[in-house]
Amino acid sequence: MTSQTGRYAQPGSVELAEGWSMQRLTPPSRLFGANGIRTGPDGRIYVAQVSGSQISAIDVNSGVIETISPKGGEIVAPDDIVFDDKGNIFATEITEGRVSVLTPNGQARVINGDMPCANPITIYQGRLFAGECRPDGRIMELDLHGGAPKVLLENVPMPNAMEVGPDGMLYFPVMGTNEIWRVSPEGGPHEVVAKDLGVPDAVKFDSEGFIVSTQVASGQVLRINPSTGEQTPLATIAPGLDNLTFVGNRLFVSSISGQINEILADGKVQSLVPDGLNWPLGLAMNDNGVLFVADGGFTYTLKPGGTLQNAGMLFSPGFPGYTRGVVALGSDEYVVTTANGQVSRWSPAKQEHQVLADGFNQLYGIAIASGGTVFFAEQGTGRLLSVLDGAIETLASNLNKPSGVAVSGTTCLVAEEGAGRVVKAAKGGTEIVLDGLQQPQGILVRGDLLFVLDVGTKELIQYNMSTKSRRAIATQLPIGAPPGVVPKFLDAIGVLSGPMGPFADLTDDRDGTLYISADAEGSVLSLRPSIA
């Protein structure tokens, strides 16, 4: 079955209440991330997508994308893939810490379930090799029938996508030392092949036996002589590059953000799949009317009438970490919640951040009061908390999956996704503000009006807290899981990210326009009232 991966709602399918209009500010993503890529036996490029939790195949001539292993399927958060000569796909599932095989008829089986941060994988002469992308990672040969693995190398500082070279040696980038190493498939000491790179995260070999390597921090694609280590830049794209593959003599490069580009002979770059959003997650409007978009490992700004501009990513200096919730401070600073359990004040322009609170379990929505108190939801423990000048206070506990947070005067409201309601913090507990919801996530308060994104019903609800009147402003929104899909929980990725739960958020600007993170299709929507 052929489908455009990640598409949930076709343009125009959203139904709006009278007096409202909608615009897609960014196009729907075609891929939810593009991590390991590999040319399949049929000549298509197969793409492992951690954020999308699926495997897709792309026809390099037509650009048509087919879902091979769907979101909610047996393969969870695949990071890298390889084929054997029977057409089986072996995938590393980085959040699950395992390696599985997917047969051509769609059956999945675990090969090894004890590989924390399982990431790089390759096959050579019928032998399966895989590694762990963590500070003390291992490089191993795996038994195809599930037996005990053979450890080739230990304590490798974050190895990534590997390949066996023409000399029969196993080559792999070592992100923690900014080098490329090689080791014998039989084990033994390693040898440094190249160093002082741009943080390499993949190696493959061209037809002349030279290494071609993506650099996640610098955004370069390098051609490296394996004998001398001499480097030749083939192209510079953008930070966040992840992997590469050859289709014949054509070179294609993937990015964590979801784009796939072909590197042409003259060094120019031709897009196969355009850049897109992995989710998106939290939204915030700054004082200059610029929209900030949190997208996990990437963050962006969006000016009126413009396109997404990168504000920082996991390998940028001063980046606070995998970003989920966000609130703006003035025109150039933000307070964010991260998947690593921190609340931080961040200045993208200065490339620095300050941790305001740390050590929490699955942080989501965030809001700030006029006096500077920051409110945030800790979903892992079911708490609503605040921090001011380093003092942390628990405002409510025993909440059922707290998600979005908003401030109304001096009162803090929080959406309980698991209970289907919005409550406000009160002395001794909480008071219900609005119930009868399914899965509320992002919330927003403006005056007496409470706006709620309900990912269970795919609705944006407006509730007047004074008159108690309620109506749906928009229905059939592309938020939450696609119909019929039960997503698998995406756990932490070692030191790079904590658990990667979804979060459909909303914010507004001065003229009353609402902005929605349409995470089911990877876009940002604006809803504008025609009457102020």
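User: With which residue does Arg250 form a salt bridge?

Analyst: The model is predicted, so local features need pLDDT of at least 70 and side-chain atom pairs count only at pLDDT 80 or more, while totals for chains, interfaces and linings use all residues. Residues are numbered from 1 along each chain as its sequence is written, and side-chain values use heavy atoms, leaving out hydrogens and water. A salt bridge is a side-chain nitrogen of Lys or Arg within 4 Å of a carboxyl oxygen of Asp or Glu. For Arg250 the closest N and O atoms are 2.9 Å apart, and the partner is Glu262.

User: How many residues apart in sequence are the parts that this pair ties together?

Analyst: Strands here are DSSP runs of E with at least two residues, numbered from the N terminus, as are helices (H or I, at least four residues). Arg250 lies in strand 24 (residues 250–255) and Glu262 in strand 25 (residues 260–263), so the parts tied together are separated in sequence by 12 residues.

User: Is Glu262 buried or exposed?

Analyst: Buried means under 20% relative accessible area, exposed means over 50%, and partly exposed lies in between, with a 1.4 Å probe and protein chains only. Arg250 has 29% and is partly exposed. Glu262 has a relative accessible area of 8%, so it is buried.

User: Which residue forms a salt bridge with Asp511, and where does that residue lie?

Analyst: The closest N and O atoms are 2.9 Å apart, and the partner of Asp511 is Arg528. Asp511 is in the loop between strand 47 (506–508) and strand 48 (514–518), so the bridge ties together parts 17 residues apart in sequence. Asp511 is partly exposed at 44%, and Arg528 is partly exposed at 39%. Arg528 lies in strand 49 (residues 523–529).

User: How many residues of strand 13 are buried?

Analyst: Strand 13 covers residues 137–142. Gly137, Ile139 and Glu141 point one way, Arg138, Met140 and Leu142 point the other way, and all are buried. The count for strand 13 is therefore 6 of 6.

User: Which residue of strand 14 stands opposite Glu141?

Analyst: Two strands pair if DSSP finds at least two bridges between them. Strand 13 pairs with strand 12 (residues 127–132) in the antiparallel sense over 4 bridges, and a hairpin of 4 residues joins strand 12 to strand 13. Strand 13 also pairs with strand 14 (residues 150–156), again antiparallel, over 4 bridges. In strand 14, the residue opposite Glu141 is Lys150.

User: Why is one side of strand 27 left without a neighbour in its sheet?

Analyst: Four strands form an open antiparallel sheet in the order 27-28-29-30. Strand 27 and strand 30 (309–313) stand at the edges, so each has no neighbour on one side because each has a single partner strand.

User: What is the volume of the largest cavity?

Analyst: On a 1 Å grid over the protein atoms alone, a cavity is a set of points where a 1.4 Å probe fits but cannot get out, a pocket is an open set with protein on both sides within 12 Å along at least five of seven lines, and lining residues have an atom within 4 Å of a point. Grid points are joined across faces, edges and corners, and a volume is the space filled by probe spheres set on the points. The count is 1 cavity of 30 Å³ or more. The volume of the largest cavity is about 380 Å³.

User: Which strand gives the most to the lining of the second largest pocket?

Analyst: This pocket holds about 620 Å³. It is lined by 31 residues, and Val327, Leu444, Arg446, Thr507 and Asp508 are the closest to its centre. Several strands supply at least two lining residues each, including strand 39 (402–408) and strand 43 (440–446). With 5 residues, the strand giving the most is strand 31.
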